[in-house]
Amino acid sequence: MYPASRYTVMWCVIVLLLPSLLSGYGSHAVDAGHASIPQETPAQFWQNFTMGVYKRGIVSNASITFSSNTTPSARDPALFLGTKKLWEFNGTFGAYTNFTTPLTINFATNSTCTVGIELPVSRIEDASITLGANVSGMTYNIKLYAGDTEIWHRNQSSQMFVDGSVLGVAQNNLYAIEAGDLNSDGLIDIVASDRNGNLFGLKNLGNGTFEPFSVSVLNYLDHPAKKIMLRMNQNTALPDLFFQFYDCILCLRNNGNFTFSAPFSVSSPGAGITDFVVDATNLYVSKENGMVYVYNITDEGVNFWENYVLASTRINALLITENVLGCGADGKLYSSNGTNIPVGAFPLTAIALNSNASVVVGDANGSMYIITPDMSCVKVAQIPWQQICKIRSCDVNADGKDDIVLTTLTNNLFVYTAGTTFTQIFTGEGNYCTAMDMDGDSATDILTSSYMNRILLYRNNRNVFSERIKIEGALQSCIDASPVRYDAWGNRFAGVNFTMICDAPINLHVSDLVVKYNYTQTIYITSSLVSYVDTAQPNETGFVNVPIIFESSQNFSISPLFALQYSSCPPYLVKLIPDLEFDEDSFPRTGIGLLNLSQFFGDEKDRNLRYRVAYMERPDCVYARVNGTCVDFYSAKDWYGRAMFRVAATDADGLETTSNFFNVTVQEVNDAPVLSLPSLVKINKNVDYWLNLSGCISDVDSVAFTITAESQYIQTYSENLSLCLNFPNEGNFSVNISVSDGIDTTVGVLNISVLPYGFPLWKDLPVIYTQKNKNISASTGIDLKDYVIDVDTPVQNLKFRVVSQTDRNINVSIVGTKIQVNLTYNYVGRNTARIAVNDSIYENYADLLVVVNQTNYPPVYLGGLNTTYLAYEDAPLIFELSKYFYDVEDGTALTYGCTSNTFTINGSLAVYKPEHGAHNFSAQFFAIDSAGQSAFSPVINFTYVEINDAPVYLGGLENATIFVNDTWSIDLDKYFWDEEGGLTYSASDARISIKNHTASFTANTPVSISFNLSATDGQYTAYSPQITITVILPNQKPTASIVQIKPEIAGPDTEIEFSGVGNDSDGEIVAWQWYSSIDGLLANNASFKKKLSIGEHIIRFRVQDNNGTWSDWAERIVIVKEHVAEKNPYIALMPGAGIGCIVVGFVLNISGRLLMRWRRR
């Protein structure tokens, strides 16, 4: 089909109007041309390439456009679709030039340098050149010309940072600032907070331009967000925003395209927050009292992990290294490993980490210190009487050493370069800053947010550059205006001069001049492509393999573009969605993203498909929710099992395609028992103390436990989960208690205080809560005798008294044995009263906490819910209500509900799975706090639309082989499914009979037939893969023949030779069997030798063909005797004429007997 003197080159780059990432299809990078094949020895190069073309649409406007970069001698390329040649060209392409010789130009002051090159005369597709210099602290001016056209100009100053340029202006005073890539486009965007709790940002458009955007956060409150941090969300690959507001840390989810979710609280540990930091997994919050709270961050909130005392004073700033570091108000640097370093006499106010693992801190007196990894502390510089607010460690001058950028409380910005002193950059704008490369020149720039509502950029001008400059326009003008010359092959060339002018003595590096010329040709292939697709069989997802081949007699590079459009074509399923699985409780709250739908659905026109979950078998146990192009799966806590799912994609025209059914399996994982022991158990010496642990042990998948204690004074009773403690000695003891569910073991520490016999013991006193101006009388107060145990004194003989109180405005007194509380008018606070019990010998103490609260504030609806929602049949609606309600006292720990019982409320999740068919209803969501106060959302109108579900091929069809005149038959309803039913079936081959949902085929001669089955509901069609049925003749029985048994009369010591053959008219012989009526099975070979036992044997022989059919038996008689005479030579006697018989022969043995055989004449 292809001449042996040509090379055949596959298309190497294919761009489709339908997605090219199809399963089994798509573009393949190929070194088109393969220059290793010498041109003077022509040989055909062949590699098959196919494109997936969707069969279910009408193909229109199909074309192939290719651009060729090649030598002038290339000739006669040809294009084939399958075996059909569509196009052939005879001509000369444009040339390709790649000038890469590097130049180093040494400029004197006010000097000029000109370099001339020759370029082919043709249309320039692309051209660029790289310029670079390192002129270190010098003012210079460089210009580059192509011919007489200036194409580049750079004016560089020796000042390290140029004056701050205003990137954007907000409506209110700005506070904190942070920068990062908010939309994954490789450009650094900016976000700052204003005085009204809003976030003002700047979207980086490139080329030094920014576009403002704002996010309404808490605009009904007049307080700023004190700090901003960005944390990368692993599921969305976008940074979320965290910021401090009042005494809680809030988060905004990044929805992409500079849109954000409503804020929700990820931490509300109470009053006194001084700082927070986030890393990949945790949130750390510091308090005025020196406490640090640690939370594990999930995609929907946080889980409290632990809290501990970091310092005995206020923590002003936090840093996360291998440990948690805190700046103390007492001038010490505290670490979570238990150490502290005295730094200075003034409070530490700011902290940062250097690249060499040392830490830099600043204090309220303007001093800066370096703490090295070996814990030594060195004061390096000071700005007198200016409190340091923010510190950033970075390398601003590219010397490989850590420099410092910092701001002060007096709104000044300073830069400290290693080994020098502070340099003031600006005055009087703000005390928040960040440092990073904002303009892509690999130099660290500085950003600040201003109390004058401005975001300022101080560009780093460290006099180092390397720039790629686009010059195709200037070169094209030069070539068009230059005289033309011709080379030996007749190609046209023109000379172009590059001129560089510089006013300073520098070295300029010029390299990588690349000029590319393109020949472009468009070939329209609509009719040929439609003909090919119409006659071809599609695969299981509806695509046809279409081979596209390019052939040429020369080696050169091509870049093709394959354009294809459809009419009224729904989205298509690129490949079948596989079964998925994840472990039980692996992501109990935030879901686990297992499925990216953009990899499984495509559409030739609409790139922004809408997705929905079309079917969930068990949404109460495991359910799915579409999140952009991904599907997140959620499982109920501690549930495991398997459920079937199905998803659908809809394009802008409302056309929808549904996926195959796939299973999601939640794998069972054993849950270790949870052991929560009391913090301290007080007992009397030599007295049995029973401690029941049933309330201390929980395990979701076990009910039987084994308890052990590492002490001889504790007896364990696993059957009722109890401990019996009896210690003979007084003192304090710590004992390890273990509980096992048979797989996992959990160990806890039980702290025990053993007191003298008869010592009165307190039970845990409850916390007493009341509201301001609401006293507690003795009649309603707690009775103290219910909270005391004394083994040798009746409780009525015990005496109680108040020993001390921390706040007399909340006065605690004892009337008899009951507590009474009297409050100062309008007073709010808490009082800890020390209560004593006395049995006339011993006295013991316990603390009683009384808390007086303000009037409770109701919860607040934050907004964010739409007033209307459109949903589709069988697709559940799920709302995370904690994102839309907030309470000052309770945070998001509210009780949620809905005015319509159509929604099921599970914690903060509102879920509704609609029934079959379309319907409408209205509802409001609400939240109730611990005091019973509530907040409501607006009335929301829900409209559910009934949709037509596309039929689905369920799989399971296989190729078959049948005999002539037998019938192949299947029930099509077992292989196709449609929710609405009413499917109509067809086959791509008319020889397949379709009747009453049954497909059948019968043939009276051998034949092989391949076809596809399809099912349609009138709107959508599902296809099976190709099936092949082979019809063969019935198997013919083979025949067996005994060729030889020798001898047939033998003695028991004689080896008898057996030989047989078989014949099969429609196959081959594969097995043999020999049987004896006396000795049984003799052999499984065609021939063999064997001795037989004495007797008359009926020998049977048969053969088997390759279809497993045995022949009939062939039989012979073999006699084995004890004595058999050997045959001797015989003598023939010729009788006379009168005798009526002839002696044939006689045998004379050694005994002289004469044996005669007679034959009548």
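Which residue in S24 stands opposite isoleucine 273? Lysine 287 does.

## Basis of the model

This is a predicted model, in which local features need pLDDT of at least 70 and side-chain atom pairs count only at pLDDT 80 or more, while totals for chains, interfaces and linings use all residues. Residues are numbered from 1 along each chain as its sequence is written, and side-chain values use heavy atoms, with hydrogens and water left out.

## Strand S24 and its two partners

Strands are DSSP runs of E with at least two residues, numbered from the N terminus. Two strands pair if DSSP finds at least two bridges between them. Strand S23 (residues 273-278) is joined to S24 by five bridges, and the two run antiparallel. They form a hairpin with three residues between them. S24 also pairs with strand S25 (residues 291-298), again in the antiparallel sense and over five bridges. Here asparagine 282 has asparagine 296 in S25 as its bridge partner. S24 and S25 form a hairpin too, with three residues between them, and glycine 290 in the turn has a positive phi of about 85 degrees.

In a regular strand the side chains alternate between the two faces of the sheet. In S24, Asn282, Tyr284 and Ser286 point one way, Leu283, Val285 and Lys287 point the other way, and all are buried. Buried means under 20% relative accessible area, exposed means over 50%, and partly exposed is in between, with a 1.4 Å probe and protein chains only. S24 is mostly covered, as six of its six residues are buried. Leucine 283, found in this strand, counts as buried because its relative accessibility is 0%. The C-alpha atoms of leucine 283 and phenylalanine 304 are separated by 9.5 Å, and the two residues are 21 apart along the chain.

## A sheet of three strands

An open sheet has three strands in the order S91-S95-S96, with antiparallel pairing. Its edge strands, S91 (984-987) and S96 (1021-1023), each pair on one side only. S91 and strand S95 (residues 1013-1016) are paired over four bridges. Tyrosine 985 stands opposite alanine 1015 in S95.

## Aromatic pairs

Rings of Phe, Tyr and Trp (its six-membered ring) pair if their centres lie within 6.5 Å; planes under 30 degrees apart count as stacked, over 60 as edge-to-face and the rest as tilted. By this rule there are 36 aromatic pairs. One of them is tilted: phenylalanine 601 and tyrosine 611, at 5.9 Å centre to centre and with 50 degrees between the planes. Phenylalanine 601 is in strand S52 (residues 601-602) and tyrosine 611 in strand S53 (residues 610-616), ten residues apart. Phenylalanine 601 is buried, at a relative accessible area of 4%, and tyrosine 611 is buried at 13%.

The rings of tyrosine 1075 and tryptophan 1113 have centres 5.6 Å apart and planes at 85 degrees, so this pair is edge-to-face. Tyrosine 1075 is in strand S101 (residues 1069-1076), and tryptophan 1113 is in the loop between strand S104 (1095-1105) and strand S105 (1114-1120), 38 residues apart. Tyrosine 1075 is partly exposed at 31% relative accessibility, and tryptophan 1113 is partly exposed with a relative accessible area of 37%. Elsewhere, ring pairs link Tyr869, Phe879, Phe903, Tyr912, Phe921, Phe925 and Phe942 into a cluster.
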